[in-house]
Amino acid sequence: GHSFPTRRSSDLRGTREEDAKMTYKIAVCDDEATELKYLSLLVTAWVKQSDNIAAVSTFESAEAFLFDYAEHKDYHIILLDIEMGKLNGVELAKQIRADNRSIIIIFITGFPDFIAEGYEVSALHYLMKPVSSEKLSEVLDRACINLSKAERSILFNIDGESVRVLADKIIFVEAFAHSIIVNTANNAFE
C-alpha cells in the first residue's frame, strides 16, 4: 500500500505535530442578520480568548445550513436559533440527529417555553436571548470538553455520500491505485 503524507494545516501556528490542536468547525444559524452577526462575533471572541482554533460559518436559514451540511458533515458545534422561518431550529436539529449523534447542538431562543423540546435531540444547552458572552464562552468550553471525550470518528466519501466510521472500529485500511478500503469488524467500505 501507499503511505499518505499528512497534510499540515497552515493555522497550527508553528506548533509541533504532536501538540497540534483540533480545529473546531462551528456553524451559527439564525434568520435575523443582526443576531447572526452578533453571535458570530461572540464565537470569534471566544476562539481568540480560549486559544482554540476554529472555522466559523454563518447561515441565515435552516435550509441554507442543510444545503451546506449535505456536502460537509464535519461540523463539531452548531448554535441554532429555534424561531426561524419554514424550518425551525428543533426540526433542523432532528434532521441532523438522524445521521449525526456527535455534533454538539446549542439552542438559542427568546422564549423559555421551547426548552422542553430540546431534550429529544440531546441539545447541550439553551441560551436565552440576548446571549451574554460569559454564558456562551462557558457553554463552548463545555462543548470542547465533551468533544475531546467523544468517540473519534472519520468521515469517508463513499459513492458520493459521506459515511461516518468510528475510529476505534477500524481494524486496517488498504490503499489501492485510486481507492482505499476501510475494514471494520462488521463491514468493509471502499
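These entries record what I looked up in a predicted model of a single chain.

**Entry 1. Confidence**

I began with the confidence scores. The chain has an average pLDDT of 82, and 85% of its residues reach at least 70. I then turned to residues 2–19, where the pLDDT is below 50. In the model this stretch makes 15 contacts beyond near neighbours in sequence.

**Entry 2. Nonpolar cores**

Next I looked for the largest nonpolar core and found 23 residues in it. The members that touch the most others are Val43, Ile77, Leu79, Ile106, Leu136 and Leu140. I traced where the core comes from: at least two residues each are supplied by strand 1 (23–29), helix 1 (33–50), strand 3 (77–81), strand 4 (104–109) and helix 4 (133–149). I noted that nonpolar side chains in soluble globular proteins tend to be buried together.

I took Leu79 as a case and set aside its neighbours within four places in sequence. Its contacts are then Ile26, Ala27, Val28, Cys29, Val43, Ile106, Ile108, Leu136 and Leu140. I also recorded another core, apart from the largest one, with 21 residues; Ala27, Tyr75, Leu92 and Phe107 are among them.

**Entry 3. Helix 4**

I checked the length of helix 4 against expectation. Its 17 residues should span 24 Å at 1.5 Å a residue, and its end C-alpha atoms lie 24 Å apart, so the two values agree.

Which residues of helix 4 are buried? I listed Leu136, Ser137, Val139, Leu140, Ala143, Cys144 and Leu147. These residues lie on the same side of helix 4, because they cover an arc of only 165° around the axis. The face turned away from that side carries the exposed residues Glu134, Glu138, Ser148 and Lys149. I then asked what covers the buried residues; the cover includes strand 1, helix 1, strand 3, strand 4 and strand 5 (125–128).

**Entry 4. Hairpin of strands 6 and 7**

I found that strand 6 (residues 153–158) pairs with strand 7 (residues 161–166) in the antiparallel sense, over 6 bridges. The two strands form a hairpin with 2 residues between them. Asp159, in the turn, has a positive phi of about 50°. Phe156 stands opposite Val163 in strand 7.

Leaving aside neighbours within four places in sequence, I listed its contacts as Val163, Arg164, Val165, Ala167 and Ile170. Ile154 and Ala167 are 13 residues apart in sequence, with 6.1 Å between their C-alpha atoms.

**Entry 5. Sheet of strands 8, 9 and 10**

Finally I examined an open sheet of 3 strands, in the order 8-9-10 with antiparallel pairing. Strand 8 (170–175) and strand 10 (188–189) each have a single partner strand, so one side of each is left without a neighbour in the sheet. Strand 9 (residues 180–184) pairs with strand 10 over 2 bridges. I noted Ala188 in strand 10 as the bridge partner of Asn183.

How values were computed
Residues are numbered from 1 along each chain as its sequence is written. This is a predicted model: local features need pLDDT of at least 70, side-chain atom pairs count only at pLDDT 80 or more; totals for chains, interfaces and linings use all residues. Side-chain values use heavy atoms; hydrogens and water are left out. A nonpolar core is a set of buried Ala, Val, Leu, Ile, Met, Phe, Trp, Tyr and Cys residues joined through side-chain atoms within 4.5 Å. Buried means under 20% relative accessible area, exposed over 50%, partly exposed in between (1.4 Å probe, protein chains only). Helices (H or I, at least four residues) and strands (E, at least two) are DSSP runs, numbered from the N terminus. Contact means heavy atoms within 4.5 Å. Two strands pair if DSSP finds at least two bridges between them. The expected span of a helix is 1.5 Å times one less than its number of residues. The arc is that of the directions from the helix axis to the C-beta atoms. pLDDT is the predictor's confidence in each residue, from 0 to 100.
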